[in-house]
Every structure is written in C-alpha cells, then in structure tokens.
Amino acid sequence: MVHQILFIIFALMCVAGAVNLLRQSHPINSALSLVVVMASLALIYLLLGAEFLAAIQVIVYAGAIMVLFVFVIMLLNAGAEERSTGSRIALIVGVPGALVLGVLVGWIMISNNKLLGSVAISPTDFGETHFIARLLFRDFLLPFEVTSVLILIAIMGAVVLGRKES
Amino acid sequence: MVPLSWYLILSAVLFCLGVLGFLLKRNIITIFMSIELMLNAVNLTFVAFANYWNAHGGLLPSGKPVVGLSGHVFVFFVMVVAAAEAAVGLAIIIAVFRTRETLNVDRVNLLKL
Amino acid sequence: MDIKLFIVAAVIKIVLIVFIMLTGVAYTTLLERKLVARIQNRWGPTRVGPFGLLQPLADGIKFILKEDLVPASVHKGLYIMAPMLALAMSLISFAIIPFGDSIKIAGYTIPLQITGVTGANGARSDINIGLLIILGATSIGVYGIALAGWSSNSKYSLLGSLRASAQMISYELALGLSLVGILLLSGSLSLREIVRTQESTWTIGGFNTHLPHWYIFPQFIAFFIYLMAAYAETNRIPFDLPEAETELVAGYHTEYSSMKFAMFFMAEYLNMFTVGCLATLLFFGGWHGPALPFLPPLLQALLPLIYFAIKVFFFIFLYIWIRGTLPRFRYDQLMAFGWKFLLPLAIANIIVTGLIVALG
Amino acid sequence: MTENLHLWAIPLLPLAGAAINGLLGRHFKNAVVSTVALFFTAMSFGWAAWAVKSAWPGGNIALPHTETVGTWIWAGKFTVPFGFYLDQLSMIMVLVVTGVGFLIHIYSVGYMAHEGGYYRFFAYLNLFMFFMLTLVLANNYLLMFVGWEGVGLASYLLIGFFFLKDSAADAGKKAFIVNRIGDFAFLIGMFLIIQHWGSLNYDVVFNGVSQLSPEAGWGLLTAIALCLMFGAAGKSAQVPLYVWLPDAMEGPTPVSALIHAATMVTAGIYMIARSNAIFSRAPHALEVVAIIGCLTAIFAATMGMAQTDIKRVLAYSTVSQLGYMFLACGVAAYSAAIFHLMTHAFFKALLFLGAGSVIHAVGGEQDMRRMGGLRKLIPRTFWVVTIATIAIAGIPPFAGFFSKDEILGQVFASPHGGKILWAVGLLTAGLTSFYMFRLWFMTFFGELKLGSVDVGEEAHKASAPAHAAHDAASHAHGHADDQSHGHGGVHESPWIMIAPLMVLALFSIVGGWVGVPASMGGHNEIGNFLSPVMHASTTAKIVAVERGSEAAGHQTEEPKENSSEELMLAGTSVLVALIGFYFAWLLYYKRPELPDRITAKIHGIYLLVLHKYYVDEGYGQLIVKPLLALSTVVFWRGVDQGVIDGLVNGAGSASKGIGGELRRIQSGNIRSYAAWVAIGGAAVIAYMIWIGVAK
C-alpha cells in the first residue's frame with residue numbers, strides 16, 4: 001500500500017514535470033522541469049531496488065548532463081520560445097501519431113496487466129553496487145570499454161565543434 | 001506491490017510526452033531535452049523489467065537464465081551515451097547558434113550551418 | 001528497528017542537527033573573522049558581547065530585519081528558489097553523515113546519524129550508497145548557484161554563476177575520482193562501513209605499526225586532491241572566483257540581500273562543514289580516536305562526538321587559515337589545475353591503488 | 001608437351017615495354033625510351049626464336065603446342081581460356097612479326113629522333129607488337145579477336161600519331177570505322193561458331209569442322225567462312241573495304257612499314273589460313289575469296305600506276321599484294337599465301353623503310369615528281385630499294401618471284417575458273433613491275449627537281465580536295481623535319497636506319513629460297529613445313545574430290561606431270577615483269593615526256609584511275625550520305641530526339657513533378673521529420689497488435 005502510494009506520488013511528480021517541460025516556454029524552466037522528472041525517476045528507481053542507478057541518475061543526469069544544458073542555456077542567453085509555425089505536419093500528423101502511440105502502448109499494458117504481474121520493493125540486496133560492478137567489469141567489459149572510447153570521441157568532437165574558428 | 005504495467009504505462013506516458021515535446025517545441029535545446037526525456041522513459045522500462053526478471057526468473061530463448069541486473073547495465077550504458085550525446089549535441093547547438101544566431105529549429109531548416 | 005521509532009528519532013535528530021549546524025555556521029563566521037584578523041594582525045569583532053561572542057547573533061538579527069530587496073528585472077521564481085535550493089542541498093548531506101556510532105537513550109540504541117538504523121541484532125547500518133548521495137546532493141547544489149546568477153539578470157551574477165558551474169563540474173570529477181581509492185580500500189559506499197574499516201591499526205607484513213587504520217596514510221595523494229577539489233567545490237579561496245569581490249562585486253549573489261543572501265552564506269559554510277565531515281570520515285577514521293578510560297562515563301560516551309568535532313574543527317580552521325594566506329587563482333589557471341593536474345593525478349592514484357588492492 | 005615454353009611472355013614483353021614507356025616515358029630521355037622499347041622487342045624476338053627452335057617439328061614437343069595460362073570467360077559450358085597456340089603457322093607469323101618488328105623499331109630510333117611524342121610512338125609501337133602477337137599466338141578466336149581489335153587500336157593511334165593534323169586524325173578514324181565493318185562480320189562469324197560448336201578454341205572447332213564434309217551449296221560453313229572472310233577483308237584491305245589503307249599512310253613511315261605493310265594487314269590472311277579447315281569445306285566462300293582477291297589485286301595495281309605520292313604508290317602496291325594473298329587463299333593455296341605473306345613482309349617493309357629513308361633524305365617531300373637523281377646522293381638507300389623493287393616485281397632469284405610464282409602456279413592449277421584468275425594475276429604482276437619501276441626511275445634517276453619544278457597544275461587540278469589536304473599535311477610534316485635537320489640538303493640516312501634496311505634486303509633476296517618449287521630443283525620447304533597446319537594438306541584435293549574424279553586424278557599426278565608447265569608459267573610471269581620494266585624504262589627514263597602525252601590522250605581513264613575509280617566518293621554518296629541522312633532524320637531527330645529524349649525528358653519531368661510534391665516531406669524542418677517518425681512508430685505498434693505479436 002505504502003509502496004503504491006509512493007509510486008503514485010513519484011509518478012505524478014514525473015508526469016507533472018514532463019508536462020511542465022512542454023508547457024513552459026522558457027528553456028530554463030523546461031530544463032528545471034526535466035531535473036524534477038529525473039529526480040523523481042531516481043526515486044522510482046529506489047522503489048525498484050536500483051539504488052546505484054538512482055544515485056548515478058542524480059549525479060550524472062541531473063547533476064552533470066542537465067547542468068550542461070543549463071550552462072548552455074545561460075551561455076547562449078536563450079530567451080523564451082518563438083511561437084513560429086514552421087511545421088504544420090508536426091501538428092497534423094505528429095501529435096495524433098504520438099497520442100496514438102501512447103494510447104496503444106498503454107492499452108497493451110492494461111490489457112496484459114495480469115500477465116505481467118507486479119513488482120515488490122526488493123527484499124534482497126538486488127541492485128547493489130557490487131553486483132552491477134561485477135556485471136559491468138566482467139560480463140559487459142567490452143561494451144564498457146567501448147563506451148569509454150565513445151565518451152572520449154564525444155569529448156573530442158565537442159571540443160572541435162565548440163572551438164571558435166580562427 | 002505495484003503492478004509492472006504501472007511502471008510501463010508511466011514509461012509510455014513519459015515517452016509520449018517526450019515525443020510531443022519534440023514535435024511541439026521550437027527551441028532546439030528544449031527539443032534536445034525532450035530526447036533526454038524519452039531516454040529516461042526507456043530507462044525506466046529497463047529498470048522495471050530488471051526488477052521483474054530478478055523476482056520472476058526466467059529463461060532466455062537461448063536457454064540461459066535471465067540476469068535481471070543486465071537491465072541496470074543497459075541503463076548505465078544509456079546514461080553514458082546520453083552524456084556523450086549531450087556533449088556533442090550541445091556543442092553542435094552552440095555552433096549552430098554562432099552562425100545562425102537563433103535556436104528556433106523552424107529557422108534552421110537548411111542542411112547547412 | 002521500529003519504523004515509528006525511526007521516524008521519531010529522525011525528526012529529533014534533524015531538529016538537533018539543523019540547530020547545531022546553523023549555530024556552528026554562525027560561530028564559524030566569528031571564528032573566521034577573528035582568525036583572519038589575527039593573521040592580519042588585527043583584533044576582529046570585539047564589541048558585541050565578551051570577545052565579540054554575540055556578534056553572530058547580531059549579524060543574524062540584522063539579516064532577518066533587513067529589507068528583502070527583489071530587483072525588478074529578475075526572473076522571480078528562480079531568484080527566490082535559488083538560495084533555498086543551495087541551502088537545502090547543503091543540508092541534505094547531513095542526513096547521511098554519521099557523527100558517531102550510537103548512543104543509548106531510554107533503552108533504545110540510537111545511531112548518531114539521521115538515516116542510520118539499528119538492526120534487529122543491534123548492528124547499526126545506514127544507506128549503502130551514502131557517499132554517492134552526498135556527491136549527488138553536491139552536484140544538485142550547483143543549480144542553486146547557477147540559477148541565482150542567471151535569474152538575477154545581472155552581468156556580474158551571470159559571470160559568477162557561469163564560473164561557478166564550470167568550476168564545480170570540473171572539480172567534481174577530481175573530487176569523485178579522489179574518493180575511488182578509498183572505495184577500493186574499504187569496499188563500500190556506506191559511510192558507516194567506511195569508518196568501521198578504519199577502526200584497527202595498520203599492520204605491514206605482520207608488524208603492527210600502532211598507526212590508526214586511517215586512510216590518510218595510504219591515500220595521502222587522494223587526500224590532497226580531495227582537499228583541493230573540495231575547496232573549489234565550496235568556492236573558497238584560493239578558488240573563490242565565482243564571488244571574486246575585486247572582479248565581480250560579489251559574483252552570483254551580487255543581487256541578493258537580507259535572508260536570501262544569508263542562505264547562500266549558510267550554504268557555503270555548511271558545505272565547508274560537509275567537506276570537513278567527509279574528510280574526517282574518509283581519511284581520518286571518523287569518530288575513532290584513542291580511548292581515554294580515565295574519563296567519567298558521560299564523557300566517555302560523548303568521546304566519539306568530541307573526536308569527530310575536533311577533526312572537523314581542524315578542517316574548518318584549515319579553510320580559514322588558507323583563506324587568510326593564499327591569493328586567488330586566475331580562471332585559466334584554475335581550469336588548467338583541475339583538468340591537467342588534479343584529474344590525471346587522481347586517475348594515476350586510482351590505478352596504483354587498484355593494482356595494490358588487486359595484487360594483495 | 002612436356003616442356004613449358006611460357007609463350008605468354010612473347011606478347012607480354014612488348015606490353016611491359018609499352019606500359020613503361022606509355023606511363024613513365026614522358027619523363028625519360030629519348031635514349032632511355034628507345035632502349036626500353038628495343039630491349040623488350042628484342043627480348044620478345046629472342047623468346048619467340050627460342051620457342052620456335054624448341055618446338056621445331058621433329059623435336060620432343062608435339063605440334064600444335066598449346067599453353068593455357070588461365071580462364072578468361074567461364075559462362076556455363078562455354079569457356080574461353082587465355083591460351084597460346086604454337087604450330088608451324090604461328091611460328092612463321094611470330095618470327096615475322098617480332099623479327100620485322102624489331103628491325104623497324106631500330107629504324108624508328110633514327111627516323112623518329114626529331115619528332116615530338118617520341119615516347120608515345122614507341123609505347124604505341126610496343127602496344128601494337130603485344131596485340132599482334134596475341135592475335136598470332138591465340139588458341140581461340142576470341143583471344144585472336146582481342147589482338148585483332150588491339151592492332152586496330154594501335155593502328156588507329158599510330159595513323160593519328162600526328163593528331164594535330166586533321167587529315168591524320170581523319171585517316172585514323174576512317175581506318176577504325178572501316179575496320180569495324182569487317183569486325184562486325186567477324187563477330188557474327190564467331191557467334192555462329194559458338195552456336196554450333198560451343199567453343200572458340202581452334203582445336204575444338206577444327207575437330208568439329210573436320211567431321212563435316214564439304215558443303216555443296218550455301219550452308220552454315222559458307223556463312224561462317226564468308227563472315228570471317230569479310231572480317232579479313234576489312235583488316236587486310238580488300239575490296240570493298242580497302243579504302244582505309246591508302247589514307248593510313250598519314251602515319252609515320254615506320255608505322256606504314258610495320259603495320260600497314262608487313263604485319264597487321266596480313267592478319268586477315270593469317271586468319272583465313274588459320275581457318276582453312278572451314279574455308280576448305282566451303283567452296284563457294286573460297287570462290288568469293290578468290291574473286292575478291294583478284295579484283296583487289298588488279299584494281300589496286302591500276303590505281304598505284306597513277307599515284308605520285310611515293311607512299312601511296314606503296315600503299316596501293318600493298319593492297320594489290322594482299323589481293324594476291326587473298327587470291328591464293330581463294331584457291332586453297334594457303335601455304336603459298338603465307339609464303340607470299342612472309343616474303344612480302346620483307347620486301348614491302350624494305351620498300352617502305354627505303355621510301356622513308358628517301359623522304360627523310362629529301363626533307364619530307366613525298367611527291368615523286370619532285371624527286372629524281374637520288375641514286376648518287378643516297379646510294380645505300382638506292383641499292384636496298386633496288387633489291388626490294390626487283391623482289392616485288394618478281395624477278396628471280398629474289399624472294400618475290402618464288403612466292404608470286406607459287407601463287408600464280410596454284411591459281412593456274414586451281415580447278416575452278418583458274419585460268420581467268422591466273423590471267424588477271426599475271427596482268428597484275430606486269431602492272432606491279434611497271435609501277436614499281438616507275439617509282440624507281442622517278443625517284444632515283446633523272447634530275448633532282450626538289451622545290452625547283454612547279455609540279456603540274458595537273459596534279460592539283462586532278463587531286464581531290466582530300467588529296468590536296470593530304471599533300472599539304474605531308475609538307476607540313478616535312479617542314480617540321482626540315483627545321484629539325486637544320487639544312488635542306490639531301491643526305492643519306494644514319495646507319496641506324498640503314499642497318500635494318502640491309503638486313504631486310506638480305507631477306508628480300510634469300511627469303512624466297514625456302515619455297516623453291518620442285519620444278520626448279522627445290523623442295524618447297526615452306527609448303528611442306530606448313531602442310532600439317534593446312535589440315536588436308538592438299539586442300540584443293542578435297543574440293544576436287546567433291547567436284548569430280550577427273551580433277552582428283554589430275555591432282556594426284558600433279559608434281560611430276562606439271563613441272564614443265566610450272567616452269568613455263570614461271571617464265572611467263574618473269575616475262576611479264578620484264579615487259580613492265582620495259583614500259584617503265586620507256587616512259588619514265590627514256591622519254592619522260594611520253595606519260596603526259598598518253599595521259600592527255602586518255603584523259604578520262606587517267607582521271608578515273610587517279611581518282612581511284614571514285615570509290616571514296618562513291619562510298620560517300622552511296623553509303624555515308626544515305627546513312628547520315630537516315631541517322632539524322634530517323635535515328636537522331638526521330639528516335640533519339642523524339643522517342644529516347646522524349647522518354648528521358650518525360651521521365652525527368654515526371655520525377656521532377658513527383659519530387660516536387662514529395663519534397664514537401666523533406667521540408668528541412670526537423671519537427672516534421674519527427675512527426676513522420678512518430679506516426680510510423682504508431683503504425684508499427686498498431687501493425688504488431690493487429691498481427692497479434694502483442695496481444
């Protein structure tokens with residue numbers, strides 16, 4: 001019961017944040033809404049027993065990536081959004097498409113509710129850092145190393161792109 | 001006990017909100033944030049299923065038991081990729097802004113800077 | 001441990017700790033003024049109360065009573081939210097920090113940590129990713145400063161906050177990496193667990209050195225990195241560029257006044273406390289110290305807390321001492337130091353530590 | 001078959017030379033270029049000589065000797081190998097090609113010394129050698145065709161060597177296009193062969209053919225033979241496709257000697273001789289070959305009489321001699337044809353090179369009317385040209401006599417229409433003698449009229465514009481030569497040019513001795529040598545057998561019975577040659593004013609002959625113009641512009657229209673793209689629900 005209430009609270013926070021992201025016209029407000037979404041998701045991860053992920057969700061997503069966003073918004077001094085109408089297709093085709101997508105997926109989930117069962121707060125030490133570390137550095141060692149190379153490349157790319165042309 | 005479908009529906013809702021953000025927002029940074037929102041929505045399904053498989057067990061088509069924590073690892077990778085994407089993407093946004101002096105994607109509709 | 005007891009205890013602990021911390025902050029300002037004054041061969045505040053001891057109280061009253069100015073062109077919501085966020089995030093850290101092992105009150109064993117619990121078998125435990133939560137809180141704390149600068153709609157503030165965000169993101173890397181060595185040695189992210197592993201003494205090849213099992217000894221490089229990075233994280237001299245008076249008036253809080261300014265002020269000093277606490281917990285054995293059996297039982301019971309306070313006080317003192325002696329970095333020097341010196345050094349430290357741990 | 005002769009090296013060595021010179025030669029000094037070219041040609045010649053020696057009949061290598069390097073085409077059951085084939089026929093051809101080729105390379109070093117594009121020339125020349133050797137050594141028709149087309153290419157490149165001259169470029173194109181007509185027929189012939197024997201390998205095809213009996217009427221073999229014959233007619237400049245060869249004289253003289261006299265133009269003869277199994281079983285085709293050869297011989301000879309350009313005389317002479325060889329093939333005297341091919345290679349190369357030497361000496365002048373009296377000035381050239389002239393005129397014991405006599409004898413003995421063909425051949429021999437001595441007298445005797453005499457308006461009036469242009473062009477060429485020499489005086493050519501002439505002169509004398517017929521005490525070695533190749537050695541016999549027993553009897557008795565007759569025939573041809581010489585002497589030495597009077601009297605005929613029977617003009621009117629008109633009106637305006645362009649433009653405007661609509665999707669607006677992705681995602685999910693993946 002407590003579990004469900006907590007989930008509903010956090011889920012509502014999530015959805016509210018996401019909706020606010022859409023509703024706000026100023027990017028910095030959107031960014032902060034997204035931080036709220038991410039923080040709430042971190043809490044939901046805790047409900048799912050993924051403590052380590054919850055922590056790095058906060059540190060990496062909310063604390064690093066979103067700070068970068070905010071930083072860029074501040075750097076470019078981005079103002080409120082223009083209400084231009086460059087794409088009618090996005091309205092006519094895309095919005096119904098996205099809604100249909102959501103409704104369809106939701107409908108599948110609801111109709112298969114029984115089949116999926118339910119999730120409890122994990123009583124075991126599931127999601128502990130040790131186990132993830134073991135997976136990451138043993139079973140997924142190669143992908144891990146590859147992602148580190150990816151990050152390196154991304155850094156270099158960002159440096160090259162961001163450099164002022166002399 | 002929370003039904004798994006709740007998590008998945010939440011994920012779908014977040015994802016669709018991300019899609020809508022992409023469709024409706026004009027600011028390129030906000031659009032980028034919508035992408036991050038979609039990534040987060042997907043991460044949620046990973047974590048939810050990781051928990052689900054850990055609790056329920058199960059076999060892969062290859063006959064090996066499912067390692068529930070793999071979902072966490074995938075989330076980890078998604079985060080790494082998102083970080084890389086943010087670094088490069090924001091650098092691109094800065095480059096675009098320098099030349100076109102706008103962040104409105106409706107005005108950035110030529111395949112050049 | 002019963003959930004109700006936990007909540008009651010937690011609420012009491014929260015109130016106590018917030019009160020102690022805020023008082024501590026107040027008196028740290030006095031300490032700072034006094035110390036810096038002595039370093040500069042002055043007296044510092046002496047008028048209010050004996051030796052100026054009531055000066056913080058006067059300052060507090062002044063902050064509260066002053067007019068709360070909100071400049072006209074600010075982004076109001078964020079302008080108000082920013083200092084709260086900064087203060088909140090610096091307070092959150094104290095939810096994780098264990099100040100001591102536990103005390104027995106009315107038959108209950110209460111851990112000296114807000115989020116600590118006593119298990120059915122009497123063992124105390126806490127959040128197993130405690131360190132990460134502190135790091136997370138620190139990283140969220142960046143928003144306070146960044147948003148403050150941006151929402152003020154002022155050049156100085158914006159520049160200050162841009163500097164602050166860039167600086168904090170940069171040094172967070174070195175900070176985080178400097179702690180990995182500790183994690184490798186202790187094998188845990190839980191602060192209580194890390195302190196527990198520092199109980200005994202170092203033995204090298206079967207020879208008991210009688211040195212306490214503090215991680216400062218094997219990890220002195222990490223400690224150095226941690227200290228540098230932490231100073232940068234807290235925007236203290238010699239890394240106080242975000243609020244460099246000579247360049248940016250007051251940096252990100254230029255436009256703030258009254259209680260909002262006080263919140264930033266408190267957040268800064270609380271962060272210093274956090275840094276001190278973490279350094280104590282990670283490198284200096286937390287609340288452990290020589291047992292002094294000749295003392296009366298009450299003091300014996302409070303001894304861990306006293307040890308902890310002494311250690312933290314040392315770091316606060318260090319902060320002030322450095323502030324009084326070192327000049328400020330230039331911005332490019334700051335960045336170069338962080339990226340080109342601290343970061344590689346931290347990585348090298350991890351590699352060496354990892355090798356030592358792996359090879360036994 | 002035990003020994004591997006590495007025959008592939010013979011053609012590939014000159015290719016290596018061509019590659020080195022062609023790709024890098026621009027940066028080389030002339031000495032390096034010529035060293036490379038000569039080295040690879042000499043290597044090729046040496047290798048060929050060694051291979052021939054190793055494979056000489058009676059040795060331990062069975063002939064024909066085949067070496068396959070790899071598979072070129074492999075399509076179902078049909079395969080074409082990179083195979084090389086050495087038998088008596090290709091031995092002779094290889095030696096002639098590499099030997100004469102090598103000599104002409106040496107000569108070119110001197111002749112081309114002052115021309116631009118030195119490296120280019122030698123690269124082309126080596127390239128030609130490669131293709132010619134491929135042609136000769138191939139063990140199947142397709143590989144032969146590669147060589148066939150390749151020599152055409154080399155010929156085109158070398159005719160147009162002075163490509164800045166319009167006439168040279170046009171001549172190159174003409175040669176190429178006229179050859180294409182023949183090649184087309186050749187291709188059809190190959191297709192027919194593939195269809196019926198499923199292979200193009202000589203051994204398979206000839207085995208298959210030898211199973212068949214000669215065709216009485218017009219059938220498959222005749223069709224194949226006629227197609228091949230037409231191809232050969234293109235390459236070997238026979239009526240009606242001979243028109244390109246005289247124009248091909250635009251190329252440098254060594255090229256004329258090598259390609260357009262000694263080797264390439266004989267490829268057609270070689271091909272017919274190689275395909276003798278087919279031809280011998282298609283008597284009607286043989287008749288056509290004989291008639292074409294005969295016609296070519298006489299026409300070209302008459303045309304040669306009226307030419308004043310020294311190289312054109314030789315060109316028509318070449319056409320005429322090729323006609324002889326065709327004639328020989330046409331009466332199934334393949335050995336005689338090859339024999340004449342060989343001797344002709346010697347003396348015609350010699351003549352061309354001699355003419356080149358003369359042209360070189362007089363500073364680029366090619367008009368014989370401006371020459372004269374060169375005997376004293378360039379004695380060595382004079383002597384070698386004299387030898388060659390006697391050889392071609394057919395005076396014993398020089399080479400030409402034996403081969404020409406062999407042909408005439410065989411023609412005379414041929415059972416079908418032999419006498420008339422023989423008579424025409426004899427007349428041609430007389431004409432040959434006449435125009436060759438005319439050339440000889442005009443060039444070497446009398447007064448040197450270089451630049452001093454106004455060479456009759458006659459010539460200019462009479463010359464077709466093309467001819468005039470050609471003259472002017474050759475003057476331009478000569479002028480370039482002049483400048484480079486720095487003086488206009490007549491001078492003997494350097495030794496590097498004379499030495500090959502000497503060697504060729506020697507062969508022009510002795511070359512015929514390998515084919516001294518039995519009637520003159522010889523053994524006709526070459527005929528015997530070649531007999532294994534000419535599948536039924538006395539091919540005429542087969543024909544005769546079919547035609548009737550009476551001829552068969554005649555054939556079997558031939559050697560003894562006809563020896564006196566043969567001697568008589570030989571005497572007749574010598575006599576005719578001497579008559580030709582007499583008239584030449586009379587008209588161009590004794591009484592040089594006579595020719596003008598005669599031409600004035602028979603002005604019409606003279607003009608007709610001078611203008612080469614208006615064949616070029618006739619082709620122009622009858623074929624080129626209608627074709628051009630047809631192409632312009634029907635194919636260009638109608639089909640190309642109307643249909644094809646219409647289709648293309650229609651397709652273009654249709655795509656443009658559709659694209660114009662579709663480009664709205666590609667608006668460049670990222671949000672629109674996202675919209676399509678979203679609706680696509682929704683569609684995929686809906687589809688999955690529909691098919692029941694997700695219940």
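Is C:I310 buried or exposed? In this predicted model, local features need a pLDDT of at least 70 and side-chain atom pairs count only at pLDDT 80 or more, whereas totals for chains, interfaces and linings use all residues. Residues are numbered from 1 along each chain as its sequence is written, while chains are lettered from A and ligands numbered from 1 in the order in which they are written.

C:I310 is exposed, because 12 other C-beta atoms lie within 10 Å (12 or fewer count as exposed, 20 or more as buried, and values in between as partly exposed, with C-beta atoms placed from the backbone). This residue belongs to helix α10, which spans residues 297-325 of chain C. Its C-alpha atom is 9.6 Å from that of C:T280, at 30 residues' separation along the chain.

Chain C as a whole contains 11 helices and 6 strands, taken as DSSP runs numbered from the N terminus (H or I of at least four residues for helices, E of at least two for strands). Of its 360 residues, 45% are buried. Among contacts (C-beta atoms, placed from the backbone, within 7 Å) between residues of chain C at least 6 apart in sequence, 72% join residues at least 24 apart.

Turning to the complex, the predictor assigns an ipTM of 0.76 and a pTM of 0.55. Chain B meets chain D through 8 residues on each side. For chain D, the mean pLDDT (the predictor's confidence in each residue, from 0 to 100) is 81, with 89% of residues at 70 or more. Over residues 453-487 of chain D, pLDDT is below 50.

Key. Contact = placed C-beta atoms within 7 Å.
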